Amino acid sequence: MNLYTYASPANFYRLAGKLIPWFAWGAGILTVWGLYISFFMAPTDFQQGEAYRIIFIHVPAAWMSMFIYMVMAFWGAIGLAFNTRLSFMMARALAPTGAMFTFVALWTGALWGKPMWGAWWVWDARLTSELILLFLYIGIIALWAAIDDIRRGDRAGSLLTLIGAINVPIIYFSVKWWNTLHQGSTINLMKAPSMAKIMLLGMLVLAIAAWFYTIAVALVRVRRVILERERQTEWVKAILEKEN
Amino acid sequence: MHRFVLAVLRRDLTLATRRRGDWLIAQFFFVMVASLFPLGVGPEPAMLARIGPGVLWVAATLASLLSLSRLFADDHRDGSLEHMVLSPEPTVLLVLGKSLAHWLIYGIPLLLVAPVLGIQFNLSWEAIWVLELSLLLGTPILSLLGGVGAALTLGLRGGGVLLTLLILPLYVPALIFGAGAVDGVMAGTGAEAHLSLLGAFFVLSLMIAPWIASAALRVSLE
Amino acid sequence: MEWASWSDFWNMGGYGLYIWGSYGVTVAGVLIEVILLKRASAETRRSLKRMQQWEEQ
């Protein structure tokens with residue numbers, strides 16, 4: 001048994017089925033632990049009061065939004081280079097979760113910004129590139145939805161993901177630079193106050209929980225895509241038969 | 001090699017001269033969008049000069065989208081696109097020639113119209129000059145990145161709207177640097193930095209976009 | 001422990017609306033995703049089975 005065995009959809013379907021409960025339970029337990037840290041162990045911040053507790057979900061969501069996009073670009077590139085069907089399926093399975101986390105990051109960013117800086121929204125580099133990232137996610141999902149042909153859809157979506165992956169850092173730095181010219185001294189979001197270790201721990205635990213959740217959800221989605229695409233094969237028929 | 005690009009270019013320009021209405025529509029659209037803003041925000045000259053560069057740049061990006069959905073679609077419908085892609089010449093050059101033709105048809109007239117709108121927005125001569133420079137460097141970026149979107153959405157239902165959704169986020173750096181250059185010269189900080197970054201983004205787009213567009217074109221035609 | 005009472009906990013030092021607004025939307029986002037995915041998976045299985053039975057007849 002080598003690693004390549006799992007690159008076949010049939011084996012991967014079975015492997016994913018075994019992995020999903022582990023990741024789902026892991027996500028649940030880590031979330032409870034992370035929430036306990038963030039509400040009952042982390043002390044009140046002396047500068048921001050209780051409002052800072054939003055960062056326990058804001059920061060992991062923002063990390064996830066970017067990581068998931070990078071992972072999608074990675075799978076897309078692998079799929080384009082080696083023509084592996086499974087990598088395209090992974091890329092597709094990740095996109096909705098990535099868009100969800102991007103939205104959560106923007107929403108919690110606004111709710112954190114209001115009490116902290118007195119504004120729901122500022123056009124700072126991170127918020128703006130996060131918004132553009134949401135647009136990219138929506139564009140990619142819309143492109144996948146518009147193309148019926150599986151092969152074409154896989155490749156077209158991955159090409160768009162790749163060109164977006166080149167563009168996002170450029171957008172980030174261009175907005176950052178544009179900002180320093182426009183409103184140099186108003187708010188400096190980059191200077192985060194030094195954080196207590198327990199706060200960092202809460203953020204990390206919730207970030208790992210978000211990873212586990214993403215993996216579980218993506219695997220469920222991949223399994224669904226595999227069933228749909230391989231419906232003509234014997235093994236899918238056997239699986240459905242067994243469930244009847 | 002460059003003869004193939006020239007042939008594609010000549011062909012597209014000839015087709016464009018037969019359909020004069022098409023490229024006029026993009027220019028009228030540019031003028032109209034820009035003219036709506038003073039009606040919406042009020043005619044105060046100082047404010048118009050303040051928002052002018054951004055408004056003109058946004059209008060230019062929107063105008064570029066109008067003709068983009070047709071970039072490959074017409075040739076796709078009559079089957080000539082497939083022939084050109086299957087020909088021994090590299091598809092990258094085909095995309096490059098098409099993008100260049102799009103820019104000549106949409107970008108050059110835009111450069112001629114923009115100063116008039118700049119005057120309407122109360123921009124100084126110096127600012128108008130920088131606006132022209134930024135559009136000269138920036139509109140080819142729009143044509144190049146637009147080629148990627150046009151190739152990806154080729155032949156899809158509602159492809160035109162989808163194209164807009166896919167491409168506008170990618171235009172953001174060009175918009176920031178382009179409008180920023182004019183802002184910079186008006187604020188007295190100079191336009192050189194913005195223009196050099198815009199130039200760098202142009203070079204990057206020129207190096208990457210045609211490859212991705214040609215890959216997308218081949219995927220769409222399979 | 002930071003909180004003297006439940007109302008203290010929900011109040012979050014006056015930032016309750018912001019904090020619970022953030023956590024609430026996050027929970028809603030996750031729940032909606034999970035429910036939609038469950039439904040879509042069940043629908044896929046159902047339609048595949050139906051197709052299979054149809055083929056057998």
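A: In chain C, 11% of the 57 residues count as buried. Buried means that 20 or more other C-beta atoms lie within 10 Å of the residue's own; exposed means 12 or fewer, partly exposed is in between, and C-beta atoms are placed from the backbone. This is a predicted model, in which local features need pLDDT of at least 70 and side-chain atom pairs count only at pLDDT 80 or more, while totals for chains, interfaces and linings use all residues. Residues are numbered from 1 along each chain as its sequence is written, and chains are lettered from A and ligands numbered from 1 in the order in which they are written.

Chain C holds 2 helices and 0 strands. Helices (H or I, at least four residues) and strands (E, at least two) are DSSP runs, numbered from the N terminus. The radius of gyration of chain C is 22 Å, well over the 10 Å that the globule rule gives for 57 residues, so chain C is more spread out than a compact globule. That radius is taken over C-alpha atoms, and the rule is 2.2 Å times the number of residues to the power 0.38. Along the principal axes, the C-alpha atoms of chain C fill a box of roughly 70 × 20 × 15 Å.

A contact means C-beta atoms, placed from the backbone, within 7 Å. Nonpolar covers Ala, Val, Leu, Ile, Met, Phe, Trp, Tyr, Cys and Pro; charged covers Asp, Glu, Lys and Arg; the others, Gly among them, are polar.

Now the partner, chain A. It has 7 helices and 0 strands. Of its 244 residues, 44% count as buried. In chain A, 79% of the contacts with a separation of 6 or more join residues 24 or more positions apart. N83(A) lies between helix 2 (55-82) and helix 3 (85-117) of chain A. Its phi is near 60 degrees, a positive value in a residue other than glycine. N83(A) counts as exposed, with 12 C-beta neighbours inside 10 Å.

Chain A also meets chain B: 25 residues of chain A are in contact with 24 of chain B. On the chain A side, helix 4 (125-146) and helix 5 (150-183) each supply at least two residues. Helix 5 of chain A gives the most, with 16 residues. That side divides into 19 nonpolar, 3 polar and 3 charged residues.

Chain B comes to 10 helices and 0 strands. Its radius of gyration is 18 Å, close to the 17 Å that the globule rule gives for 222 residues, so chain B is as compact as a globular protein of that length. Its C-alpha atoms fill a box of roughly 55 × 30 × 30 Å along the principal axes. Of the 222 residues of chain B, 50% count as buried.

Helix 6 (residues 91-120) of chain B has 30 residues, which at 1.5 Å a residue should span 44 Å; its end C-alpha atoms are 42 Å apart, which agrees. The expected span is 1.5 Å times one less than the number of residues. This helix 6 of chain B bends by about 35 degrees at L111(B), and a proline, P115(B), follows within four residues. The bend is the angle between axes fitted to the seven residues ending there and the seven starting there. Just after helix 6 of chain B, N122(B) takes a positive phi of about 65 degrees.

Not counting residues up to four places away in sequence, A216(B) touches A156(A), L159(A), V148(B), A151(B) and L152(B).

Conventions:
Two residues are in contact if their C-beta atoms, placed from the backbone, lie within 7 Å.
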